[in-house]
Amino acid sequence: MKMEEGCPMEEEHSMEGEHSDDDLVEQIRLGDENAAEELIKRYYTSILLYCKRQGFDREKSEDLTQETFLKLFKNLSGYKGKKKFKPYLYTIANHLCIDERRKIKVYPLENEEEIGYECDEMRRIEDKSAISYFLKSLSPEQREAVILRFGEQLAFKEIAQIVGCNIRTAQSRVRNALKIMRREYRNEK
């Protein structure tokens with residue numbers, strides 16, 4: 001299969017003038033910090049995007065990416081070479097993402113289906129001034145809960161901790177706020 005001109009090699013970096021991943025790993029084992037920096041530079045963005053696609057926010061994705069490389073360098077003896085570096089690195093990232101998801105507790109809502117529908121409706125409002133208008137129709141507590149949930153992508157447990165209430169109250173504030181916003185949205189149509 002002929003590669004198109006200018007198309008970077010995906011599987012294993014070994015273009016002329018560049019070291020292969022396996023070469024860099026061997027240099028790292030010998031204590032070459034520049035080789036470690038090159039490997040990070042080569043894969044950091046890809047691992048970061050992988051973690052984001054797993055559903056984590058930017059900050060958590062960055063933490064998981066850094067942890068991936070830290071774990072890689074601590075366990076280089078586990079890597080056996082033979083041009084399988086990329087899958088090895090992604091396996092580390094995958095395991096860290098799975099472990100992180102296991103830490104997240106799910107707090108079911110009383111009527112998740114209804115809230116899911118309302119959330120989708122809110123996301124369809126693309127005009128920021130319209131969203132600001134609808135947010136003004138809420139109580140300060142409801143507004144804060146909605147902003148923390150959808151603007152900051154926080155879990156209900158985190159919202160409850162921030163505003164000083166229990167999880168059910170945080171869920172209720174968001175659910176009631178979405179109902180109010182939905183009603184206002186329909187009245188505006």
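Modeller: A charge counts as sitting over a ring if NZ of Lys or CZ of Arg is within 6 Å of the ring centre and within 35 degrees of the ring normal.

Colleague: Fine, so which ring does the charged end of Arg 149 sit over?

Modeller: The charged end of Arg 149 is placed over the ring of Phe 156, at 4.4 Å from the centre of that ring. Please keep in mind that this is a predicted model, in which local features need pLDDT of at least 70 and side-chain atom pairs count only at pLDDT 80 or more, while totals for chains, interfaces and linings use all residues. Residues are numbered from 1 along each chain as its sequence is written, and side-chain values use heavy atoms, with hydrogens and water left out.

Colleague: OK, zooming out, how many helices and strands does the protein have?

Modeller: There are nine helices and zero strands, taking helices (H or I, at least four residues) and strands (E, at least two) as DSSP runs numbered from the N terminus. Of the 189 residues, 35% are buried, where buried means under 20% relative accessible area, exposed over 50%, and partly exposed in between, with a 1.4 Å probe and protein chains only.

Colleague: And what share of the contacts between residues at least 6 apart joins residues at least 24 apart?

Modeller: That share is 57%, with contact meaning heavy atoms within 4.5 Å.

Colleague: Switching to charges, how many salt bridges are there?

Modeller: By the criterion of a side-chain nitrogen of Lys or Arg within 4 Å of a carboxyl oxygen of Asp or Glu, the whole structure contains eight salt bridges. One of them joins the side chains of Asp 21 and Arg 42, at 2.6 Å from N to O. Asp 21 belongs to helix H1 (residues 21-29) and Arg 42 to helix H2 (residues 33-53), so this pair ties together parts that are 21 residues apart in sequence.

Colleague: Are Asp 21 and Arg 42 buried or exposed?

Modeller: Both Asp 21 and Arg 42 are buried.

Colleague: What about Arg 29, which residue does it form a salt bridge with?

Modeller: Arg 29 pairs with Glu 26, and their closest N and O atoms are 3.5 Å apart. The two residues lie three apart within helix H1, which is about one turn of the helix. Arg 29 is partly exposed at 39% relative accessibility, and Glu 26 is likewise partly exposed at 39%.

Colleague: Where does Glu 100 come in, and which side chain does it meet?

Modeller: Glu 100 meets the side chain of Lys 60 in a salt bridge of 3.3 Å, N to O. This pair links distant parts of the chain, 40 residues apart, with Lys 60 in helix H3 (residues 58-74) and Glu 100 in helix H4 (residues 85-103). Lys 60 is partly exposed at 27%, whereas Glu 100, at 11%, is buried.

Colleague: Now the aromatics, how many pairs does the structure hold?

Modeller: Rings of Phe, Tyr and Trp (its six-membered ring) pair if their centres lie within 6.5 Å, and planes under 30 degrees apart count as stacked, over 60 as edge-to-face and the rest as tilted. The structure holds six such pairs. In one of them, Tyr 44 and Phe 69 have ring centres 6.3 Å apart and planes at 15°, so the pair is stacked. Tyr 44 is in helix H2 and Phe 69 in helix H3, so parts that are 25 residues apart in sequence are tied together. Tyr 44 is partly exposed at 24%, and Phe 69 is buried at 4%. The rings of Tyr 79 and Tyr 88, with centres 5.3 Å apart and planes at 45°, form a tilted pair.

Colleague: Which residues do ring pairs link into a cluster?

Modeller: The cluster links Tyr 43, Tyr 79, Phe 85 and Tyr 88.

Colleague: Last topic, which members of the largest nonpolar core touch the most others?

Modeller: A nonpolar core is a set of buried Ala, Val, Leu, Ile, Met, Phe, Trp, Tyr and Cys residues joined through side-chain atoms within 4.5 Å. The largest has 22 residues, of which Leu 39, Tyr 43, Ile 47, Leu 72, Phe 85 and Leu 89 touch the most other members. H1, H2, H3 and H4 are the elements giving two or more residues to this core, and its largest share, seven residues, comes from H2. Another core, of 19 residues, lies apart from this one and includes Leu 135, Leu 138, Leu 154 and Cys 165.
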